[in-house]
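Hi everyone, thanks for coming.

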Amino acid sequence: MIARLDRRESGSDSNGDAARKVRVRAPAKINLFLHVGDKRSDGYHALESLIVFAETSDGIEIGPGSDLKLKITGPFGKALSRESDNLVLKAARALQAKYPHEGQGAHIALEKNLPLASGIGGGSADAAATLRGLNGFWRLELPEDELLDIAAEIGSDVPACLLSSPCWMEGRGERVSKLGAMPPFELVLVNPGVAVPTRPVFAALNARTGIGAMARPPVLASVWELVAYLADAGNDLEGPAGRFAPVIEDALAALGHEPACVLAQMSGSGATCFGLFDGSVYAAGAAERIAEEHPHWWVKSTRIAAPGIGAPQWSSTA
């Protein structure tokens with residue numbers, strides 16, 4: 001959802017621009033399936049995926065500033081602060097460079113709740129949330145297709161994360177289209193505490209489904225309809241990621257052994273795995289037990305989020 005705000009809505013009336021702040025959620029990306037095709041001429045593999053987003057998220061807050069500054073907090077903030085090429089600043093600079101005007105700056109605060117290099121689009125979601133937030137904060141009012149073009153230049157997962165809505169993804173990730181809303185199916189996310197870089201996982205890929213094997217989903221009203229749709233699908237990167245980090249198999253086994261877990265699979269290039277559950281009580285119990293048995297793992301009970309979870313929310317500091 002793209003912000004289109006007048007001066008009254010943005011909080012810039014009698015309080016002035018200094019009173020404005022915008023908060024944007026950066027929800028975790030879940031690949032319900034991920035099929036890989038042949039390598040393209042640009043060096044990327046052709047991909048096909050059904051993507052949804054979870055209610056658990058990072059958070060972005062944008063306030064006024066004369067230049068671009070980034071502050072990082074949250075459980076995974078310390079590890080991220082050592083990275084020089086942060087996707088939040090990359091997104092802000094890309095938008096600033098394409099649509100510059102005098103005095104364009106912002107102070108950005110990132111609350112990093114999602115694990116790094118984990119297959120749930122944490123950095124990409126942060127970059128996409130930054131684009132959505134700054135589009136309104138700077139009053140650019142760019143349409144979604146223009147933001148998608150910028151997102152595609154930043155990273156392959158950023159266009160889908162810009163939508164933050166159930167979507168069908170193709171190409172290397174740059175071609176995305178929205179799908180109908182899904183019910184808030186219950187999920188448990190498990191990351192076994194290992195970072196899995198995307199490039200080595202693709203390099204280890206020796207078998208693939210290819211693209212075109214799946215049709216776009218119909219309206220899915222129940223968790224069992226979703227499971228039936230995914231019966232012939234999977235994640236082609238799960239095997240190579242498991243060879244790179246064998247603990248992924250342990251995470252999948254932990255989810256699969258839980259009552260009412262109807263599907264356990266890895267998301268993206270790993271190492272985060274998701275379990276789809278038939279009921280919130282079962283999901284909550286599974287998350288509690290897995291966290292107790294594996295205290296060093298990151299475990300979250302969550303749900304598939306409603307569209308619009310990443311819409312900017314405005315506030316005044318006055």
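**Cysteines, cores and a helix**

Let's start with a cysteine: Cys261 counts as buried, with a relative accessibility of 17%. Buried here means under 20% relative accessible area, exposed means over 50%, and partly exposed is in between, using a 1.4 Å probe and protein chains only. Before I go on, this is a predicted model, where local features need pLDDT of at least 70 and side-chain atom pairs count only at pLDDT 80 or more, while totals for chains, interfaces and linings use all residues. Residues are numbered from 1 along each chain as its sequence is written, and side-chain values use heavy atoms, leaving out hydrogens and water.

Back to Cys261: what about a partner for its sulfur? The closest cysteine sulfur is in Cys273, 11 Å off, and that's too far for a bond. Cys161 is buried as well, at 1% relative accessibility. Its sulfur sits 8.3 Å from the closest cysteine sulfur, the one in Cys167, again too far for a bond.

Now the inside. Buried residues make up 54% of the 318 residues. The largest nonpolar core has 67 residues, and Leu95, Val188 and Ile248 touch the most other members. By nonpolar core I mean a set of buried Ala, Val, Leu, Ile, Met, Phe, Trp, Tyr and Cys residues joined through side-chain atoms within 4.5 Å. Helix α3, residues 122-137, gives this core its largest share, seven residues. Helices (H or I, at least four residues) and strands (E, at least two) are DSSP runs, numbered from the N terminus. There's also a second, separate core of 29 residues, including Leu50, Val52, Phe185 and Phe274.

Next, helix α9, residues 247-256. Which of its residues are buried? Ile248, Ala251, Leu252, Ala254 and Leu255. They span an arc of only 160° around the axis, so they lie on the same side of α9; that arc is taken from the directions from the helix axis to the C-beta atoms. Among the elements covering these buried residues are β7 (186-191), α8 (238-244) and α10 (280-293); the cover is counted by contact, meaning heavy atoms within 4.5 Å.

Last, the whole thing: 10 helices and 11 strands. Its C-alpha atoms fill a box of roughly 60 × 45 × 40 Å along the principal axes. That's my tour, thanks!

Technical notes. Disulfide = S-S within 2.5 Å.
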